[in-house]
Amino acid sequence: MMLHYTCQQVLDYLSDYLERSLPAEELVRLDEHLAVCPECVDYLNNLQLTLSAARAAYGERETIEPIPEPVVAAILAARRLAPPNVGRGKNETN
Ligand SMILES: [Zn+2]
């Protein structure tokens with residue numbers, strides 16, 4: 001019945017997921033994907049740790065607002081975390 005999320009979709013929704021601003025049905029689908037995709041679970045765990053660290057740096061007042069995408073991108077770049085199964089082209093510095 002329900003279409004499963006792809007890893008890309010999960011990544012798109014992750015910040016909403018972490019902000020708990022995701023509609024219930026989307027949450028269910030995301031959880032379903034996480035149940036079968038250890039890579040996304042691992043990624044989510046890393047992201048959670050990183051974002052809580054970022055929040056601490058930004059200050060508690062920022063917690064109401066969703067994390068801006070550029071911030072997330074910058075954090076991920078800094079931590080050299082490549083999203084699983086997301087083909088955005090390889091930009092590795094070798
Ligand atoms: Zn996945």
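Trainee: What percentage of the 94 residues in the protein chain is buried?
Mentor: Buried residues make up 11% of the 94 residues in the protein chain. Please keep in mind that this is a predicted model.

Trainee: How many helices and strands does the chain have?
Mentor: The secondary structure consists of four helices and zero strands. Starting at the N terminus, the order of the elements is α-α-α-α.

Trainee: And the contacts, how much do residues 24 or more positions apart account for?
Mentor: Among contacts with a separation of 6 or more, 65% are between residues 24 or more positions apart.

Trainee: Let us turn to the core. Which residues form the largest nonpolar core?
Mentor: That core has nine residues, namely Tyr5, Val10, Leu11, Leu14, Tyr17, Leu30, Cys40, Tyr43 and Leu47. At least two of its residues come from helix H1 (7-19), and at least two from helix H3 (38-58).

Trainee: Which helix gives the most to this core?
Mentor: Helix H1 does, with four residues.

Trainee: What does Tyr17 touch, leaving out residues up to four places away in sequence?
Mentor: Tyr17 touches Leu22 and Leu30.

Trainee: Now the packing. At what angle do H1 and H2 pack?
Mentor: H1 and helix H2 (residues 24-36) pack at an angle of about 120°, and their axes are 11 Å apart. The two helices are therefore oblique to each other.

Trainee: Is that crossing left-handed or right-handed?
Mentor: H1 passes H2 in a left-handed crossing. On the H1 side the contact is made by Val10, Tyr13 and Tyr17, and on the H2 side by Glu26, Leu30 and His33.

Trainee: How many of the residues in the contact of H1 with H2 are nonpolar, polar and charged?
Mentor: Four are nonpolar, one is polar and one is charged.

Trainee: What about H1 and H3, at what angle do they pack?
Mentor: The angle between H1 and H3 is about 35°, with the axes 11 Å apart. H1 passes H3 in a right-handed crossing.

Trainee: Which residues make the contact there?
Mentor: H1 contributes Cys7, Val10, Leu14 and Leu18, while H3 contributes Cys40, Leu44, Leu47, Gln48 and Leu51. By class, the contact of H1 with H3 has eight nonpolar residues, one polar residue and no charged residues.

Trainee: A new topic, Asp16. Where is its place?
Mentor: Asp16 is in helix H1.

Trainee: Why does Asp16 count as partly exposed?
Mentor: Asp16 counts as partly exposed because it has 16 C-beta neighbours inside 10 Å. A residue would need 20 or more to be buried, and 12 or fewer to be exposed.

Trainee: What does Asp16 touch, again not counting residues up to four places away in sequence?
Mentor: Asp16 touches Ser21 and Leu22.

Trainee: Where is Pro68 found?
Mentor: Pro68 lies in the loop between H3 and H4.

Trainee: Last one, Val72. Which helix is it found in?
Mentor: Val72 is found in helix H4 (residues 69-79). With 19 other C-beta atoms within 10 Å, Val72 is partly exposed.

Trainee: How are the C-alpha atoms of Val72 and Leu51 placed, what separation do they have?
Mentor: They are separated by 7.8 Å, and Val72 and Leu51 are 21 residues apart along the chain. Leu51 also takes part in the contact of H1 with H3, on the H3 side.

Terms used: Residues numbered from 1 in each chain as written. Predicted model: local features only at pLDDT ≥ 70, side-chain atom pairs only at ≥ 80, totals over all residues. Core = buried A, V, L, I, M, F, W, Y, C linked by C-beta atoms within 7 Å. Contact = placed C-beta atoms within 7 Å. Axes fitted to C-alpha atoms, helices over the stretch in contact; angles between N-to-C directions. Parallel < 35°, antiparallel > 145°, perpendicular 65-115°, else oblique. Left-handed = near helix turned anticlockwise from the far one by under 90°. Nonpolar A, V, L, I, M, F, W, Y, C, P; charged D, E, K, R; others polar.
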